[in-house]
Amino acid sequence: MKKEKQLIIANWKMHPSTLGESKKLFNGIKKTANTLRNVQTVVCPPFVFLPELKKLFKGHRIALGGQNVFSETAGSFTGEVSPLQLKDSGATYVIVGHSERRAMGETNAMVNGKVLLAHKTGFVVVMCVGESERDNHGKYLQFLREQITEGLEGLKAKDLATIVIAYEPIWAIGKTGDDAITPQKLHETALYIRRVIGETYSQKIAAGATILYGGSVKPENAEELLNDTDVQGFLVGGASLNAKDFGEILTIGNKK
Ligand code: PGA
């Protein structure tokens with residue numbers, strides 16, 4: 001693989017509870033992020049904190065992202081946030097199709113609608129895929145293939161330059177230790193994802209695609225998950241709520 005910046009994204013989910021806490025956490029992360037040349041750090045806070053955090057990040061090596069977005073630009077869609085609104089709030093990245101959103105009913109077709117509009121609006125789109133469990137017959141691979149091809153439907157090869165695939169197996173999210181993914185399993189799956197992209201687009205596009213891993217990434221396992229596999233960074237949930245832990249993960253990414 002070519003030498004490139006690692007992409008490390010903090011997914012704060014529905015934390016922290018107050019703007020004050022979110023500013024403190026953001027400033028803590030920023031301190032480390034600003035010293036690292038080989039990592040693109042992205043923080044995805046709850047929507048409501050974006051405009052205030054935008055004021056804190058000017059000129060720094062850190063970007064903001066949304067955790068979700070809607071598939072229409074405007075209209076009567078109570079409770080939704082459009083790509084235009086998200087952009088105006090300071091986000092340049094957006095996570096789409098996280099398993100926690102899919103669990104609330106998001107289908108591949110809905111994810112696809114969001115991917116297409118967010119891409120058109122100029123976002124770097126981080127599309128999450130991941131099986132809920134692994135079977136011995138490889139059915140989960142077909143499931144992943146469908147999530148990828150149906151989620152990206154309508155995008156041309158050139159569009160893939162700003163699309164990131166985050167592999168987040170549901171069984172490995174929010175875990176503490178032994179039940180986390182192994183580098184070997186991650187490596188095999190990342191190669192498979194690359195193969196699907198290759199078959200859908202081209203080998204060249206596949207070779208240049210950015211694939212992230214998410215699921216219980218911690219300072220303790222970040223090094224082996226990054227160095228012994230074919231991924232270019234992480235989507236971090238729990239550990240991104242602690243500036244020290246997340247800073248350590250960023251520092252590990254910077255060394256790759
Ligand atoms: P986790 O979450 O790091 O807490 O497992 C990852 C995610 O759901 O994006």
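How far is an oxygen atom of the ligand from a polar backbone atom of G237? Select both: the distance is 2.9 Å. This is a predicted model, in which local features need pLDDT of at least 70, side-chain atom pairs count only at pLDDT 80 or more, and totals for chains, interfaces and linings use all residues. Residues are numbered from 1 along each chain as its sequence is written, and side-chain values use heavy atoms, with hydrogens and water left out.

Stay with the ligand. Taken alone, the ligand exposes 280 Å², and the protein buries 95% of that (accessible areas come from the Shrake-Rupley method with a 1.4 Å probe).

Next, select K13, whose side chain has an N or O atom 2.7 Å from an oxygen atom of the ligand. Then pick G174, where a backbone N or O atom is 2.6 Å from an oxygen atom of the ligand.

Now move to E131. E131 sits in the loop between β5 (124-129) and α6 (139-152); helices (H or I, at least four residues) and strands (E, at least two) are DSSP runs, numbered from the N terminus. E131 counts as buried because its relative accessibility is 1%, buried being under 20% relative accessible area (1.4 Å probe, protein chains only).

Show the side chains of Y167 and W171. The side chain of E131 makes a polar contact of 2.8 Å with that of Y167 and another of 2.9 Å with that of W171. A polar contact is a pair of N or O atoms within 3.5 Å; within protein, one must be able to donate a hydrogen and the other to accept it, and residues adjacent in sequence count only if both atoms are side-chain atoms.

Technical notes:
Buried means under 20% relative accessible area, exposed over 50%, partly exposed in between (1.4 Å probe, protein chains only).
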